Amino acid sequence: MCFDAKRLLKRALGPVLILMSAAAMAAGGEVNQVNMSPGVTSVGKEIYDLHMWILGICTVIGIGVFGVMFYSIIYHRKSKGAVPATFHESTKVEIAWTVVPFLILIGMAVPATSTLLEIYDNDEAELDVLVTGYQWKWKYEYLNEDGENVSFFSNLRTPQSEIYNTQQKGEHYLLEVDEPLVLPAETKVRFLVTANDVIHSWWVPELAVKKDAVPGFINEAWTRTSVEGVYRGQCAELCGKDHGFMPIVVNVVSKDEYAGWLETKQAEAAQVKELMAQTFTLDELMERGKSVYDRACLACHGANGEGGLGNAIAKSPVATGDLNKHLDIGINGVPGTAMQAFGGQMNDVDMAAVITYQRNAFGNNMGDMVQPIDVFNYKKG
Amino acid sequence: MGDHHHGPAKGLGRWLFTTNHKDIGTMYLWFSFAMFILGGFFAMVIRAELFQPGMQLVEPAFFNQMTTLHGLVMVFGAIMPSFVGLANWMIPMMIGAPDMALPRMNNWSFWILPPTFLLLASTLFMEGGAPAFGWTFYAPLSTTYAPPSVTYFIFSVHVLGLSSIMGSINIIATVMNMRAPGMTYMKMPLFVWTWLITAFLLVAVMPVLAGAVTMMLMDIHFGTSFFSAAGGGDPVLFQHVFWFFGHPEVYIIILPAFGVVSQIIPAFSRKPLFGYDSMVYATASIAFLSFIVWAHHMYTVGMPVAGELFFMYATMLIAVPTGVKVFNWISTMWRGSLSFETPMLFSIGFLVLFTIGGFTGLMLSIAPSDFQYHDSYFVVAHFHYVMVAGAVFSMTAAVYYWLPKWCGRMYNETMGKTHFWISFIGFNLTFFPQHFVGLAGMPRRIPDYSLQFADFNMMSSIGAFIYGASQILFLYNVIATIVSGKPTSEEKVWDGAEGLEWTIPTPAPYHTFETPPKIDPAHAHS
């Protein structure tokens with residue numbers, strides 16, 4: 001018999017021990033992290049403690065069970081002349097190993113219940129944020145008593161060149177966005193989670209929040225932390241092609257900093273409202289259009305409109321053709337393709353600017369312009 | 001009655017028209033192995049893509065098709081049919097019956113499988129690609145947002161369900177009606193018991209799956225809104241219906257595996273199975289509980305807290321009967337006279353790794369912790385410990401255990417043991433690190449990942465290639481045994497084996513137990 005029991009023992013228990021010892025040094029988002037992070041919230045800490053409690057119990061039981069088994073494997077082997085016993089039942093033992101595990105389960109259920117009730121305590125939030133999952137990005141809307149406040153989309157910022165290995169990957173590869181969610185510290189924030197198309201799931205491990213975003217329904221979750229910092233997460237529910245490319249970045253800042261940020265965002269929104277009524281020159285539209293293009297279009301259509309994942313813009317029949325058709329594609333997208341409907345994601349000023357830019361850059365030179373009011377009217381039909 | 005002792009027909013007709021339980025069992029086993037290779041190939045594509053960060057070999061859309069087909073093919077094409085094949089071969093021989101109760105239906109339930117999987121695989125070449133919504137096919141990703149091939153997928157699932165239901169009815173009818181005189185229920189080998197219970201589970205939940213896909217079909221083609229909130233439906237309803245099927249399905253896969261190791265461990269411990277009665281009751285309890293725990297797959301969908309608590313408590317309870325089983329197997333080994341031939345090695349591998357999968361299952365049942373585990377690689381690690389190290393290891397053990405009886409030739413023991421150790425190491429290298437990346441925050445079903453997960457993913461991929469390669473050794477060993485293995489004609493191939501299948505000649509003749517065997521009423525179960 002070439003059976004090395006010690007090696008089997010080591011292999012079976014080794015990983016469990018590694019897990020246990022590594023647990024002590026757990027922290028979020030670290031390279032080769034092996035355990036759950038306690039995160040930066042009280043709920044996260046409770047979940048982590050619960051996790052370690054159950055893992056600990058399982059490890060002890062495991063050592064007991066496997067200990068008996070390996071004792072048997074080592075000492076009760078035929079090659080050592082072991083003679084088999086004939087017993088095959090024992091009511092007492094069998095009752096014991098039915099009742100004792102049941103009692104252990106109660107020891108797990110009690111803390112689990114209290115933590116669960118804590119997670120479900122969505123009341124008395126100081127700030128409500130509506131989180132909407134889209135294929136494949138998140139939209140955040142800060143709600144206040146009037147119902148409307150600041151809102152924006154948060155897209156993956158990692159360039160295609162990093163994803164397709166033509167450029168060195170950055171530190172936060174796939175976990176970086178163009179505009180993070182900004183939250184105040186020391187504030188109970190309630191997330192109202194929903195989706196626009198398919199089911200997504202909003203997960204930030206450090207905040208211990210994971211909630212499915214179900215189209216047509218609103219789920220609630222909450223967090224509160226005193227630790228300022230940047231927390232990264234990802235969509236956790238398969239939502240189609242780019243499920244792996246819709247990260248979440250949450251920037252927790254001091255209350256003061258948050259207030260300042262909110263003011264800036266509100267001012268920006270007010271400014272956009274003002275701009276909507278304005279008429280721009282071609283140069284103004286081109287300048288704004290370039291920055292919008294680089295942010296929203298470049299990844300698929302190329303830095304010089306040469307195309308890539310998407311069609312080429314340079315000399316394209318759309319960008320050099322009927323203006324209304326161009327507006328239609330920008331606003332409503334092309335169903336069944338990767339070209340999304342940007343009408344809901346982009347304000348009318350940016351839309352006007354980017355369409356103008358596409359028609360006049362990359363050698364297209366159409367010479368025509370779109371004003372915000374044109375976009376507004378087109379949307380109204 | 002004139003040609004009572006005829007052998008198999010000649011040529012292709014033997015296989016096409018056969019009503020012989022051994023032939024059908026053989027076809028099921030070979031078919032499931034072919035599917036295992038196909039599903040394994042999909043897994044290799046997945047692991048090759050995940051070898052390094054960055055998109056390497058395939059596009060995200062194709063990656064999703066791979067994860068979807070890998071799951072579907074492994075669950076419905078490899079694991080389930082393999083145990084049906086084993087049931088076909090072994091149940092009549094274990095209960096002293098000449099064949100299955102419904103032999104023509106038996107033929108039909110097998111032969112509708114290959115065209116169905118051909119259809120399912122052909123979706124890869126259709127416009128829009130194969131289904132890419134995961135093997136759990138959550139609506140509306142699988143309805144409004146699905147590729148056109150979803151309709152073929154729905155049809156495939158219907159036919160697979162039909163096949164499973166026919167197979168199950170056959171098993172129930174056989175076990176209930178064709179036991180040899182004196183073979184009372186509490187004398188049946190545990191493999192027969194676990195399959196009887198599994199068959200009832202299948203008959204109960206396969207129609208529910210059929211209902212789910214039919215509602216999908218209606219939503220896609222006939223304008224209904226079962227799973228669309230815009231029309232008054234609810235996407236979460238899909239998940240409830242799916243998991244009402246899906247959770248029992250998990251036990252459908254693992255219960256026959258329990259049965260197999262309950263045959264093998266006593267044989268190589270040379271000692272009767274400990275706690276036979278409690279094994280039967282534990283199996284029945286697990287089956288019952290499997291119907292009332294489905295929503296533990298849905299802790300994050302926004303259920304009311306009362307619902308969460310109910311499903312958490314009910315799920316935790318499963319640990320009790322499962323624990324009883326593990327304790328019984330270990331007590332069977334205790335003070336036995338153990339030897340470690342390949343079937344025993346795979347059974348011990350099953351015992352160790354399934355128990356680890358059970359522990360992580362218990363962890364996952366804890367609803368608050370599941371908010372962190374859910375849909376992460378921790379879940380992927382958990383269910384592969386149960387499905388691969390559980391079901392597949394036990395199936396592999398079964399093949400090594402009964403192959404000599406089936407073909408009258410011994411497999412190569414050294415090669416078998418090598419297969420075990422490579423599998424064991426490859427498996428753990430693949431899936432143990434997945435616990436780590438899952439706990440650290442890596443979601444499942446993503447084609448690319450951030451840099452902190454790189455090392456463990458590379459480890460996982462290397463492990464997967466090793467595990468995959470070890471199956472070639474398995475295939476070679478089985479074929480070499482059938483073609484040129486050392487002949488054996490001992491009725492009892494293994495000295496510690498018990499049961500009616502070891503009282504018939506080796507290799508098992510084409511027809512067995514044409515006259516029922518005599519069962520010693522004093523003799524306990526086998």
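In the predicted model, chain A is divided by the domain assignment into domain 1 (5-119), domain 2 (127-272) and domain 3 (277-380). The centres of domain 2 and domain 3 of chain A, taken over C-alpha atoms, are separated by 26 Å. Contact between these two domains involves 5 residues from domain 2 of chain A and 6 residues from domain 3 of chain A.

The contact between the two chains draws on 84 residues of chain A and 80 residues of chain B. On the side of chain A that touches chain B, at least two residues each are supplied by helix H1 (5-23), helix H2 (42-75), helix H3 (91-119), strand E6 (200-204), strand E7 (209-213) and strand E9 (229-235) of chain A. H3(A) contributes the most to this side of chain A, with 14 residues.

The largest nonpolar core comprises 248 residues, and those with the most contacts inside it are Ile79(B), Val192(B), Val261(B) and Ala397(B). Helix H14 (residues 377-407) of chain B provides the largest share of this core, 23 residues. Residues of domain 1 (5-119) and domain 2 (127-272) of chain A also belong to this core, which therefore lies between these two domains. A second, separate core of 23 residues includes Phe280(A), Cys297(A), Leu327(A) and Phe362(A). Within the largest core, Ile79(B) is one of the residues with the most contacts. When residues up to four places away in sequence are not counted, Ile79(B) touches Met74(B), Ile253(B), Met387(B), Ala391(B) and Val392(B).

Two helix pairs of chain B were examined in terms of their packing geometry. Two packed helices are described by the angle between their axes and the distance between the axes. Helix H5 (residues 113-122) and helix H6 (residues 150-177) of chain B pack at an angle of about 160°, with their axes 9 Å apart. H5(B) is therefore roughly antiparallel to H6(B), the cut-off for this description being an angle over 145 degrees. The crossing of H5(B) past H6(B) is left-handed. On H5(B), the contact is formed by Leu113(B), Thr116(B), Leu119(B) and Leu120(B). The residues of H6(B) that take part are Tyr152(B), Phe153(B), Phe155(B), Ser156(B), Val159(B), Leu160(B) and Ser163(B).

In the second pair, the axes of helix H8 (residues 235-269) and helix H11 (residues 319-333) of chain B come within 9 Å and cross at roughly 20°. H8(B) is thus roughly parallel to H11(B), as angles under 35 degrees are described in this way. H8(B) passes H11(B) in a left-handed crossing. The residues of H8(B) in this contact are Phe258(B), Val261(B), Ile265(B), Pro266(B) and Ser269(B), and their counterparts on H11(B) are Lys325(B), Trp329(B), Thr332(B) and Met333(B). Val261(B) is also among the residues with the most contacts inside the largest nonpolar core.

Several positions were considered for their backbone geometry. Most residues other than glycine have a negative phi, and most peptide bonds are trans. A cis peptide bond with omega of about 0° joins Gln135(A) and Trp136(A). Trp136(A) is located in the loop between strand E1 (127-134) and strand E2 (137-143) of chain A. In chain B, the peptide bond from Ala139(B) to Pro140(B) is cis, with omega near 0°, and Pro140(B) is placed in the loop between H5 and H6.

A positive phi of about 60° is found at Arg445(B), although this residue is not a glycine. Arg445(B) lies in the loop between H15 and H16 of chain B. Arg445(B) is classed as buried because 22 other C-beta atoms lie within 10 Å, the threshold being 20 or more. Phe513(B), likewise not a glycine, has a positive phi of about 50°. Phe513(B) is situated in the segment after strand E2 (486-487) of chain B and is buried, with 20 other C-beta atoms within 10 Å.

Gly441(B) also occupies the loop between helix H15 (413-439) and helix H16 (454-484) of chain B. With 28 other C-beta atoms within 10 Å, Gly441(B) is buried. Residues touched by Gly441(B), not counting those up to four places away in sequence, are Pro205(A) and Ser376(B). The C-alpha atoms of Gly441(B) and Ile24(B), which are 417 residues apart along the chain, are separated by 46 Å.

Key:
Residues numbered from 1 in each chain as written. Chains lettered and ligands numbered in written order. Predicted model: local features only at pLDDT ≥ 70, side-chain atom pairs only at ≥ 80, totals over all residues. Core = buried A, V, L, I, M, F, W, Y, C linked by C-beta atoms within 7 Å. Buried ≥ 20, exposed ≤ 12 C-beta atoms within 10 Å, placed from the backbone. Helix = DSSP H or I, 4+ residues; strand = E, 2+ residues; numbered from the N terminus. Domains from an automatic or database assignment. Contact = placed C-beta atoms within 7 Å. Axes fitted to C-alpha atoms, helices over the stretch in contact; angles between N-to-C directions. Parallel < 35°, antiparallel > 145°, perpendicular 65-115°, else oblique. Left-handed = near helix turned anticlockwise from the far one by under 90°.
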